[in-house]
Amino acid sequence: MYNLTDRNIVLCVTGSIAVYKAVDLASKLTQAGAVLNVIMTPEATKFVAPITFQSVSGRCPYWDMWDANSNLAEAHIALARQAEVLVIAPATATIVARLALGLAEEMVSLTALATRAPLIVCPAMDSQMFEHPATQEHLTTLRNRGVQIVGPEDGRLASGQMGRGRLSEVETIIGWIRHVLGRGGDLAGKKVVVTGGGTHEPIDPVRFVGNNSSGKMGFAVAEAARDRGADVVLVSGPSVLPDPVAVEVLRVRRAAEMRDAVVAACVGADALIMAAAVADYQPAETVGEKIKRRQSETLSIPLVPTPDILAEVGVRPGLVKVGFAAESRDLLANAQQKIEDKQLDLIVANDITASDAGFAADNNRVVILDSAGGRAELPLMSKYDVAWHILDKVATLLAASKLQPEA
Ligand code: PMT
């Protein structure tokens, strides 16, 4: 997770049973390379001992505002100044009220009042407390001040009741942190359209022509573009992956639907990156009833070409077009041909016969070719890291196009 490395994050933990999830959050942020300081309210220390956070973050948490032996003089001011983002997770009704009213009563609310870093507040409480007009009004006040409120989610609560009040999942909170930290990135102000997943071309109500694309590559590109500040639209074929945080996701099924969504999304876009494995052929017609099996007969299904989405988007000044090439042989020659046929700026070629890369794998091994004949061969790496390399090239092309005089 590139945009968390060396980033200064302050995690504030308040007194809720959901504190145990904050330990996992602290651990994952630290593993991702963040410089993590934890502040606890005295109530939070009743649920989990500070040493637990020290063990996962490698740093001693702050919780006593009267601690004369702290390694930081005026710790709340020092932490408030260092922070690039302040995350309050879990946030109780009490801390939400203190933040809204500006009451500085312990280390968390003191630091929140002192910082000018963006604030992410992740409420967790009983649903009755969450729904109370006082809590709702305080949350509205915070939202109006630009605070990012994340959750809470529906589900089983500590009381055993079902309702809204559960702390958001750790991955969701991390997604929001990445988004907030990415706001000033090199793609800030750029609109990037990404496609991912395969398409399903229906044969009858239960069968379709499809492929093994999981969506991992496209979703990774969408997340990496978001982490660099872009406004991202992800057009996805059927995929079990959850919507990435802070990305506009359009779910489609068929190539024709993907074409319509991509063409509409490309209005005003700066880049189109097509990682989707779009079916090349679709049944000439979809049968209305389920086709019956007949033992003695062979079955032929006439197929016709799907729309070529990249070709239909065409060439527009200011739009960087990136395709992927999934090849089982003659990788580079076929990819080169696709640059010309689809009028691309870049193509990302992957050999789909490799068992450790390509379809459904977490990693990929690609060669990025550009329309000027350049070539970058990348070793096996995570799909997120591949995405980052692609976006380096997209950012360079966008910067160069800004320097070109208007035609
Ligand atoms: O989703 P994953 O499991 O993570 O797998 C990732 C991947 C292997 C699917 C991905 O890395 C990849 O290679 N995607 C492109 C697959 C593909 O359709 O390649 P292609 O060579 O057939 O098509 C070339 C380009 O034209 C692609 O950018 C494709 O999106 C686009 N295309 C294809 C057909 C069509 N009708 N319209 C298109 O625009």
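Where is the place of D330? I looked it up in this predicted model. D330 sits in the loop between β16 (320–327) and α13 (331–341).

**Entry 1: backbone angles**

I checked phi at D330 next. The angle is positive, about 45°, although D330 is not a glycine. I noted the background: most residues other than glycine have a negative phi. I then turned to Q343. Phi there is near 50°, again a positive value in a residue other than glycine. Q343 belongs to the loop between α13 and β17 (346–351).

**Entry 2: cis peptide bonds**

I moved on to the peptide bonds. Most peptide bonds are trans. Which residue does a cis peptide bond join to P90? The partner is A89, and omega is about -5°. I placed P90 in strand β3, which covers residues 85–91. I also found a cis peptide bond between G151 and P152, with omega about 5°. P152 is in a loop, and that loop runs between β5 (148–149) and β6 (153–156).

**Entry 3: an aromatic pair**

I wanted to know about ring pairs. How many aromatic pairs does a search of the whole structure find? The search gives 1 aromatic pair. Its members are Y384 and W388. I wrote down two values for them, because a pair of aromatic rings is described by the distance of the centres and the angle of the planes. The centres of the Y384 and W388 rings are 5.8 Å apart, and the planes make an angle of 35°. The pair counts as tilted. Where do both residues lie? They are in helix α14, residues 383–403. Y384 and W388 are 4 residues apart there, about one turn of the helix.

**Entry 4: two domains**

I looked up the domain assignment of the protein chain. Domain 1 spans 2–181, and domain 2 takes in 191–289 + 296–402. The contact between them uses 7 residues from domain 1 and 8 residues from domain 2. I also noted the separation of the domain centres, taken over C-alpha atoms: 37 Å.

**Entry 5: the interface**

I wrote down an area for this interface, because interface size is often given as the accessible area lost when the parts come together. About 780 Å² is buried between domain 1 and domain 2. Carbon and sulfur atoms give 58% of that area.

How many salt bridges does the rule find across the interface of domain 1 and domain 2? The count is 2. On the side of domain 1 that touches domain 2, I listed 2 nonpolar, 4 polar and 1 charged residues.

My last entry is a salt bridge between R178 and D227. Their closest N and O atoms are 2.9 Å apart.

Technical notes. Residues are numbered from 1 along each chain as its sequence is written. This is a predicted model: local features need pLDDT of at least 70, side-chain atom pairs count only at pLDDT 80 or more; totals for chains, interfaces and linings use all residues. Side-chain values use heavy atoms; hydrogens and water are left out. Domain bounds come from an automatic or database domain assignment. Contact means heavy atoms within 4.5 Å. Buried area is the accessible area (1.4 Å probe) that two parts lose on being put together, summed over both. A salt bridge is a side-chain nitrogen of Lys or Arg within 4 Å of a carboxyl oxygen of Asp or Glu. Ala, Val, Leu, Ile, Met, Phe, Trp, Tyr, Cys and Pro count as nonpolar, Asp, Glu, Lys and Arg as charged, and the others, Gly among them, as polar. Rings of Phe, Tyr and Trp (its six-membered ring) pair if their centres lie within 6.5 Å; planes under 30 degrees apart count as stacked, over 60 as edge-to-face and the rest as tilted. Helices (H or I, at least four residues) and strands (E, at least two) are DSSP runs, numbered from the N terminus.
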